Amino acid sequence: MALNLREQFSTDKVIASKLIGLDSKDKVQAEYIWIDGSGEHLRSKTRTLTKAPKNPADLPVWNFDGSSTNQAKGADSDVFLQPVAIYPDPFRLGPHILVLCETLDNKMQPHKTNYRRRCAQVMEQVKSEHPWFGMEQEYTLLDVDGHPFGWPKNGFPGPQGPYYCGVGANKVYGRDVVEAHYRACLYAGINISGTNAEVMPGQWEYQVGPCEGIEMGDQLWVSRFLLHRVAEEFGVIATLDPKPIQGDWNGAGCHTNVSTEKMRNPGGYKEIISAIEKLAKSHAEHIAYYDPTGGKDNERRLTGLHETACISKFSYGVASRCSSIRIPRQTEVDGYGYYEDRRPSSNCDPYCVTEAIMRTTSLDVKKLSRVYTPQDMEKFRNLMSQQGEKPKIDE
């Protein structure tokens, strides 16, 4: 009998655990992590340090082959790595660390794919408002053959309904991965605030936050790195695809909860409504910032079905998961709190999302540099027609 793919390519974790526990002789392994040219995938490599750094400035600038990550040409391939944040390494333990890095070009300036630097500048401009963010990262577990983890190999599981926050072997698939990732985040110092099984079987969510300013993007990216590494240990894949399975199945988002100090204090409800009204005027621009393809990925997800609003129009409502922006019921009752932007896709860049929100709502920037336009208007019209939704897009 042929082995399945997981058995065929698995390695002996027992042997690895024995070796990983060996004394590193006062040396520190630093895992440099960066975002590649796709805007959604992570890369990493390791170097040895002779002592533990106290802050990112103590770490050396490094480089990598950008021609292999879609960030440079082969004739001038070196891209620099500038350490910006340090986290304890939950895989190697001890003094070993994870190092989040910005990418720099050959003139030591932010690479064109480096969106962190501009986000940090915006967060510095609005720091007196103490912006807090909480991002709800949804993802789907896949088997190594790309099939949803836990789904029948020939056919489909039962309809959605019993899986959300479900308990039991017939409702939940991959909880071991989720629990291991949760603990890895806690060890690394990520402000992970919870997790739950999602509506589609094999789909999960975890929440990071509240985080202030640039910390939101930093922590979410590192939590994603940990997710992929933990899944790797189990021989499964964690995909951030916003619509991994077509048909009557929920997509995956990265709902973003936002508040400023004024919003969090009594009387803050009017500040929330003011921010939402500003967002309403720049809907197309924000859609362009909310996935790495300028809105193309979200076209598959934001259909007006499966707890989403239609991509072509802006809406908001109290307790409404069918709106672009949801105001929590408790926020309305209290008269202060936060709002939830439900438009960002699961594979969004949190630096782009949080920067765009603060530029629009706090810095009163009227026009952002990106604008969403449908990639394939005829295909989009057909999709909306199939969903029973008449597209409303200015052409």
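Start by selecting Trp34, Ile35, Cys101, Glu102, Thr103, Thr113, Asn114, Tyr115, Arg116, Asp349 and Tyr351: together they line the largest cavity. A cavity here is a set of points on a 1 Å grid over the protein atoms alone where a 1.4 Å probe fits but cannot get out, and lining residues have an atom within 4 Å of a point. Before you go on, note that this is a predicted model, where local features need pLDDT of at least 70 and side-chain atom pairs count only at pLDDT 80 or more, while totals for chains, interfaces and linings use all residues. Residues are numbered from 1 along each chain as its sequence is written, and side-chain values use heavy atoms, with hydrogens and water left out.

**Stay with the cavity**

The largest cavity has a volume of about 90 Å³. Volume means the space filled by probe spheres set on the points, with grid points joined across faces, edges and corners. In all, the structure holds three cavities of 30 Å³ or more. Colour the lining of the largest one by class and you get five nonpolar, three polar and three charged residues. (Ala, Val, Leu, Ile, Met, Phe, Trp, Tyr, Cys and Pro count as nonpolar, Asp, Glu, Lys and Arg as charged, and the others, Gly among them, as polar.) Which element gives the most to this lining? That's β5, with three residues.

**Next, select the sheet**

Strands are DSSP runs of E, at least two residues long, and helices are runs of H or I, at least four, numbered from the N terminus. Show the open sheet of five strands, in the order β2-β1-β5-β4-β3, with mixed pairing; two strands pair if DSSP finds at least two bridges between them. β2 (42–49) and β3 (62–65) are the edge strands with a single partner each, so one side of each has no neighbour in the sheet.

Zoom in on β1, residues 28–35, which runs antiparallel to β2 and is joined to it by eight bridges. Click Glu31 and look across to its bridge partner in β2, Thr46.

**Now the largest pocket**

A pocket is an open set of grid points with protein on both sides within 12 Å along at least five of seven lines. The largest one has a volume of about 600 Å³. Of its 35 lining residues, select Glu136, Glu205, Asn257, Arg326 and Glu340, which lie nearest its centre. β6 (132–142), β7 (192–197), β8 (203–212) and β10 (254–259) each give two or more residues to the lining. By class, the lining has ten nonpolar, 14 polar and eleven charged residues.

Most residues other than glycine have a negative phi, and most peptide bonds are trans. Go to Gly209 and Pro210: the peptide bond between them is cis, with omega near 5°, and Pro210 is in strand β8. Then try Glu307, a residue other than glycine whose phi is positive, near 60°. Glu307 is in the loop between α9 (296–301) and β11 (316–318).

**Last stop: confidence**

Colour by pLDDT, the predictor's confidence in each residue from 0 to 100. The chain averages 93, and 92% of the residues score at least 70. Over residues 389–395, pLDDT stays under 50. Where pLDDT is low, the predicted coordinates should not be read in detail.

Note on methods. Nonpolar A, V, L, I, M, F, W, Y, C, P; charged D, E, K, R; others polar. Contact = heavy atoms within 4.5 Å.
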